[in-house]
Amino acid sequence: MEINHICVIGLGYIGLPTASMFAKNGVRVTGVDSNPRVVESLRQGRVHIHEPGLTDVVTSVLRDGTLTVASAPVEADAFIIAVPTPFHEDKTADLSHVRSAAASIVPVLRRGNLVVLESTSPPLTTQSVVKPILERTGFKAGEDFLLAYSPERVLPGQILKELVENARVIGGINAASAQAGKAMYLKFVRGEVVLTDAATSEMVKLMENTYRDVNIAIANEFSRLAERLGVDIWEAISIANRHPRVRILNPGPGVGGHCISVDPWFLVESAPDITHLIRTAREVNDSQPGFVFASLKKLLPNLQGRRVAALGLAYKPDVDDLRESPSLEVVRQLVSSGAVVSAWEPFKPDFVIPGVKMAGSLEECIQDAEVLLLLVNHSQLKALDPAALAALTPARLVLDTVNAWPAQVWWDAGFTLKKLGNGKNSPR
Ligand code: SAJ
């Protein structure tokens with residue numbers, strides 16, 4: 001089967017880069033999004049996602065016409081579903097976008113087509129949710145059309161590079177489906193392509209992010225222990241990591257983003273009785289903003305009316321994505337304790353949080369502050385010079401939750417800098 005035209009449904013963090021990589025490699029792509037604002041802005045050549053290098057690729061393929069945008073799928077050789085899978089209040093997966101994306105393909109599905117689900121989904125979604133919807137056409141999956149699951153595994157901030165270089169797993173509902181998926185992704189993927197069945201590839205994706213979540217949870221729990229026991233967690237981790245088989249990750253304000261903080265719940269949902277560790281890790285990471293709040297309260301016991309400058313709100317460094325960001329939870333807890341919070345997120349200065357004064361600049365954020373709270377290790381925040389900062393703020397108290405700043409330099413500049421997870425009183 002020759003794939004000359006692909007319809008990518010969902011033009012978000014994954015769909016848009018994927019669509020543009022295919023287009024850049026000469027495949028005709030129709031990008032589809034149900035949000036009219038996304039379609040409209042792309043039609044005008046505006047890219048709604050901040051990702052290094054993405055704007056250049058997207059505008060070039062839009063200009064030469066290899067990528068066009070539409071609000072509904074059109075007939076094509078292959079369809080890729082890359083829509084969000086959020087979770088409900090009770091942490092179970094909300095598959096409504098996957099269902100409606102699959103349903104939107106039904107009127108245009110033709111014999112011989114390939115459909116690939118990329119959205120992170122609970123195990124067995126391809127077989128038990130997507131397949132029956134597509135079979136409403138009267139076609140049989142695996143015979144009349146091919147169906148596979150292929151998770152994206154790219155790191156926000158490095159999407160364009162990792163889309164090409166990472167190993168890609170393609171799980172078919174049968175071998176022919178996996179093979180067809182391989183032929184399609186080889187249009188741009190240079191990493192190893194591994195073929196398996198659909199359920200395995202769904203599980204692989206969830207295992208990867210769960211593995212990371214559990215490892216971050218142990219780092220966060222270590223940071224709490226260190227603080228209680230009078231140990232500096234950053235020193236302890238750097239020593240432990242000299243062991244050849246130990247690689248402890250970094251504690252911080254918690255785990256955010258739309259991947260690691262969500263995906264482990266899909267495994268818990270599929271078998272709650274045998275996933276205690278996974279659930280506990282999620283709970284540890286979700287309660288880490290509370291640990292940050294408690295650490296700040298140790299510095300300023302009564303937060304009522306105290307002026308806190310929160311620096312960075314994104315879920316991780318150098319991205320503009322605030323979804324599930326633990327910094328937001330820290331800020332919410334500060335607001336409910338009566339603190340007067342000003343916040344600055346350099347990648348999204350116009351973000352709105354009820355009760356928080358969003359600053360348009362660093363200077364504005366810190367000008368009246370009593371304490372500086374560093375929540376994200378953005379390069380531009382990490383690079384701040386404490387000597388220069390001292391002239392811009394009356395604050396002399398600093399809580400660094402991400403080990404960004406060299407404590408001694410800050411102490412020398414007149415600040416009392418405390419690091420999250422440092423139970424020692426001395427500067428470090
Ligand atoms: N974090 C820590 N300590 C660390 C590392 C990360 O607290 O040592 C926090 C970050 O600050 C952030 C969260 O964890 O809040 C997640 O960040 P991340 O950089 O670990 O991962 P994501 O969510 O941006 O991307 C992950 C990646 N998965 C893995 O590394 C196993 C990526 O490859 C996936 O494609 C992506 O999830 C996804 O879409 O599923």
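**Salt bridges, a parallel sheet and some surroundings**

Guide: In this predicted model, the side chains of K187 and E2 meet in a salt bridge, 3.9 Å from N to O. A salt bridge here is a side-chain nitrogen of Lys or Arg within 4 Å of a carboxyl oxygen of Asp or Glu.

Visitor: What are the ground rules for the model?

Guide: Residues are numbered from 1 along each chain as its sequence is written, and side-chain values use heavy atoms, with hydrogens and water left out. As the model is predicted, local features need pLDDT of at least 70 and side-chain atom pairs count only at pLDDT 80 or more, while totals for chains, interfaces and linings use all residues.

Visitor: Is E2 buried or exposed?

Guide: E2 counts as exposed, at 54% relative accessibility. K187 counts as partly exposed, at 25%. Buried means under 20% relative accessible area, exposed over 50%, and partly exposed in between (1.4 Å probe, protein chains only).

Visitor: How many salt bridges by that rule?

Guide: The count comes to 18 salt bridges. One of them joins R168 and E118, with the closest N and O atoms 3.7 Å apart. R168 is in strand β7 (residues 168-172) and E118 in the loop between β5 (114-117) and α5 (125-134), so this pair too links distant parts of the chain, 50 residues apart. Both R168 and E118 are buried.

Visitor: What about K205, which partner does it have?

Guide: K205 forms a salt bridge with E152, the closest N and O atoms being 3.4 Å apart. Because K205 lies in helix α8 and E152 in the loop between β6 (146-149) and α6 (159-165), the pair ties together parts that are 53 residues apart in sequence. K205 and E152 are buried. Elsewhere, salt bridges that share partners join D213, R282 and D286 into one network.

Visitor: Switching to the sheet. What is the strand order?

Guide: Six strands form an open sheet in the order β11-β10-β9-β12-β13-β14, with parallel pairing. β11 (357-358) and β14 (416-419) stand at the edges with a single partner strand each, so one side of each has no neighbour in the sheet. Two strands pair if DSSP finds at least two bridges between them.

Visitor: What does α13 pack against?

Guide: The buried residues of α13 pack against α12 (288-299), β9, β10 (340-344) and β12. Those buried residues are P326, S327, L328, V330, V331 and L334. Just after α13, G338 takes a positive phi of about 95°.

Visitor: Where is D321?

Guide: D321 is found in the loop between β9 (307-311) and α13 (326-336). D321 counts as buried, at 5% relative accessibility. Its side chain makes a polar contact with the side chain of R323 at 3.0 Å. A polar contact is a pair of N or O atoms within 3.5 Å; within protein, one must be able to donate a hydrogen and the other to accept it, and residues adjacent in sequence count only if both atoms are side-chain atoms.

Visitor: Which residues does D321 contact beyond its sequence neighbours?

Guide: Leaving aside neighbours within four places in sequence, D321 is in contact with Y13, A314 and Y315. Contact means heavy atoms within 4.5 Å.

Visitor: Last one: what does A103 touch?

Guide: A103 touches I133 and R136, not counting residues up to four places away in sequence. A103 lies in helix α4 (residues 96-105) and counts as partly exposed, at 30% relative accessibility.

Note on methods: Helices (H or I, at least four residues) and strands (E, at least two) are DSSP runs, numbered from the N terminus.
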